[in-house]
Amino acid sequence: MNISYSWLKDYIDIDLSPEEIAKILTQIGLEVGGIEEVETVKGGMNGLVIGEVVTCEPHPNSDHLSKTTVNVGTGELLSIVCGAPNVAAGQKVVVATIGTTLYMGKEEFTIKKSKIRGEASEGMICAEDEIGIGTDHAGIIVLPGNVQVGMPAKDYYNIQSDWCIEVDLTPNRIDAASHIGVARDLAAYLRNTVEQGYKKPSVEGFKVDNHNLEIPVEVKNPEACPRYSGVTISGVTIKESPEWLKRRLKTIGLSPINNVVDVTNYVLYETGQPLHAFDANEINGGKVIVSTLNNGTKFVTLDGVERSLNENDLMICNTENGMCIGGVFGGLTSGVKDSTTNIFLESACFDPVFIRKTARRHGLNTDASFRFERGTDPNGVIYALKRAAMLIKEVAGGSISSEIVDIYPEPVADFKVDVSFANIKRLIGKELGKETIKNILASLEIGIENETETGLPLLVPPYRVDVKREADVIEEILRIYGYNNVEIPTQVNASLQTAEKPDPNQVRNLVAEMLTAQGFNEIWSNSLTKAGYYDGLSNYGEAQTVKLLNPLSADLNGMRQTLLFGGLECVAFNANRQNKNLRMFEFGNCYFYKGTELKDHPEKNYREEEHLGLFVTGAKESESWSEKQQLTSFFSLKTYAENILKRLGFSTDQMQISEVANEFWAEGLSYSFNNKHLLNLGIVAKKWIKKFDIENPVYYADFDWDSISILHKKHKVLFEELPKFPAVRRDLALLLDKSVKFSKIKELAFYAERKILREVDLFDVYEGKGVPEGKKSYAVSFILRDDKVTLNDKLIEKTMQKLVETYKRELGAELR
């Protein structure tokens with residue numbers, strides 16, 4: 001938000017420079033992003049002086065130029081060639097001397113000594129558009145004859161400069177979104193060292209001139225509009241604003257529109273209270289109604305865009321139709337026009353949630369919605385209304401033609417907060433003294449009900465929407481006292497802490513680094529998601545979705561129960577931008593509502609789990625001339641997932657592996673260890689691929705990271721020396737029933753030989769010609785090694801014969 005230095009000084013009497021003010025504001029939490037000098041005329045008319053044309057003769061080498069001599073008060077006449085048709089001897093003119101920079105729109109040029117058609121020219125006699133005071137270029141400026149020669153042009157035109165201070169407001173400090181708000185904070189800080197206050201313009205002069213234009217108001221949605229007030233002004237003249245008003249608005253980056261609209265903007269930036277002026281003649285039925293309209297109602301806003309209204313959009317209406325989206329944006333026909341003579345001036349307080357939802361729905365962000373979304377002062381509504389009405393009378397004429405209509409059914413009281421002296425000392429780390437604390441609270445307009453020995457019961461004004469707890473009050477005290485005034489302690493108190501082992505962050509980083517080394521990219525998806533994703537699901541039902549009371553939109557109205565939907569959104573986003581070969585992972589929390597209603601411990605109604613998700617889709621590698629591109633598969637994902645388990649100390653041989661039973665996967669596997677579920681992986685069901693408009697199959701693995709972390713803590717890393725004796729490999733081709741799985745072959749192998757059998761692997765499966773129907777051929781390798789002696793052929797053959805007999809007996813196997 002931009003603050004004008006000279007404007008700010010209307011409310012607080014200080015001699016501080018803009019730089020000093022910026023430093024103080026930053027210290028008290030209103031961080032200043034920058035300061036910039038702003039001049040009413042760009043360049044400040046530096047180098048421009050008042051001169052008198054002494055002689056004027058036709059240029060000897062041109063039929064449209066004149067050769068002049070000009071007195072600029074230096075004692076020497078300047079020779080200047082001028083092309084203006086109205087130049088004549090005896091005129092008082094504005095002269096740009098050599099070295100002066102002139103600005104015309106976005107262009108600039110510097111006056112240099114030159115020759116024009118062979119005649120020397122030592123400056124330029126200026127037109128309006130060349131010095132930035134108008135647009136006329138038909139001729140030079142001719143000033144009154146009594147103007148003093150040699151006077152700087154900036155003195156003649158009363159050119160003023162100001163400073164624009166850019167304050168980077170945090171969302172909680174909407175009370176400082178005005179010049180008065182900044183002055184209040186500045187005065188509070190300065191009171192630490194000097195007697196300092198701030199003042200607001202008086203509205204005691206407000207009075208009703210007549211009752212010629214009474215417009216009643218009805219508020220049908222008081223929950224969305226806690227307070228609504230208005231007054232009429234008749235007989236106004238819409239015209240350009242006076243120079244002082246335009247200058248102040250331009251300083252803070254606003255473009256003047258007309259006198260009435262400019263006043264509403266002026267009061268907005270003065271008090272922080274948004275206002276809106278309606279053309280009273282456009283209020284059909286002579287009544288203002290604050291209400292919502294039917295879903296789908298069409299409404300054309302000030303920007304000429306036709307918008308379809310939501311049934312929850314608060315509207316300011318007449319008896320026939322909507323005139324304005326309340327607190328957000330005005331209507332095309334109901335606003336102030338050049339022909340307007342009577343106005344209805346609105347000042348209101350709207351509910352932040354209503355305004356925020358409406359603004360987001362329509363993609364609007366206005367100065368008014370910015371303030372209403374964060375919370376305005378309900379008790380400052382009438383002051384701003386009176387202030388604006390008096391200014392409109394001053395700059396547009398007219399008369400106040402009605403009593404103020406003020407609908408405020410439930411006045412907002414001050415917030416009650418108790419603060420203890422002990423907690424102030426504990427949190428700040430310094431004994432401030434009771435008088436210092438009370439003085440700071442008084443400067444912040446925080447009332448004290450009655451002081452006790454241990455603390456202060458306080459009354460916080462409603463415009464401080466961010467101060468509702470004891471810690472908030474203490475932060476305010478420290479902010480005004482000054483963070484830099486709290487000395488660094490001479491001793492440091494510390495307690496010994498033991499870190500959890502293994503460190504969860506180190507384990508996450510270990511897995512993350514392992515995945516990134518294999519070409520994965522980490523993603524972070526929003527934990528807020530569309531609750532509608534879970535409609536009709538059995539494993540992740542709608543009933544256990546944690547829903548938001550005040551969601552920003554229907555797409556962000558619930559907490560996620562799975563990482564799948566965020567990952568699929570990311571896959572779709574990338575695929576739509578021709579990035580279809582993806583390997584991604586995400587660590588994230590998932591949230592579940594238990595369905596209980598424990599009021600004493602509401603946090604126990606919910607469950608939170610950490611998960612790790614892997615997403616693989618598209619081709620294994622980028623397209624290349626050297627090899628044929630291969631699509632990724634279930635087995636690619638299975639390898640990635642099992643490698644993670646192995647890296648964390650889990651052996652898949654010791655796990656219970658079954659088919660996944662979950663509606664997210666079309667096919668897949670589920671891994672458990674000691675009856676604790678660890679992992680589901682497989683190909684995502686076509687239902688979800690279609691829902692997100694994804695073309696290629698997506699393979700998804702979901703790790704229950706909490707369970708893995710618990711079991712990983714029990715894992716002990718063991719070391720053994722490298723084997724001294726060589727290993728031997730033998731292969732068998734086994735003809736088996738189709739129903740036999742490799743896991744059974746592996747299990748029987750280690751059952752038959754436990755001493756020298758080290759590994760069992762499957763390297764080929766064959767079905768087809770030469771294999772009977774209902775059968776398949778497994779090619780299995782066996783690694784044998786004895787850690788004490790070198791194996792001989794006799795022992796090897798004996799072992800392999802034992803394995804063959806076991807397969808024949810248990811599985812009915814045949815050797816091929």
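Ala, Val, Leu, Ile, Met, Phe, Trp, Tyr, Cys and Pro count here as nonpolar, Asp, Glu, Lys and Arg as charged, and the others, Gly among them, as polar. The model is predicted, with local features needing pLDDT of at least 70 and side-chain atom pairs counting only at pLDDT 80 or more, while totals for chains, interfaces and linings use all residues. Residues are numbered from 1 along each chain as its sequence is written, and side-chain values use heavy atoms, without hydrogens and water.

Select Met45 to begin. Met45 sits in the loop between strand E2 (32-39) and strand E3 (48-58); strands (E, at least two residues) and helices (H or I, at least four) are DSSP runs numbered from the N terminus. Its phi is near 60°, a positive value in a residue other than glycine. Met45 is buried, at 4% relative accessible area (buried is under 20%, exposed over 50%, partly exposed in between, with a 1.4 Å probe and protein chains only).

Next, select Asn158, in the loop between helix H4 (153-156) and strand E12 (161-167). Phi of Asn158 is also positive, near 55°. Asn158 is exposed, with a relative accessible area of 52%.

Now go to the largest pocket.

Select Lys638, Glu642, Thr652, Asp653 and Lys746, the closest to the centre of the largest pocket among the 33 residues that line it. A pocket is an open set of points on a 1 Å grid over the protein atoms alone, where a 1.4 Å probe fits, with protein on both sides within 12 Å along at least five of seven lines; lining residues have an atom within 4 Å of a point. By class, the lining has 13 nonpolar, six polar and 14 charged residues.
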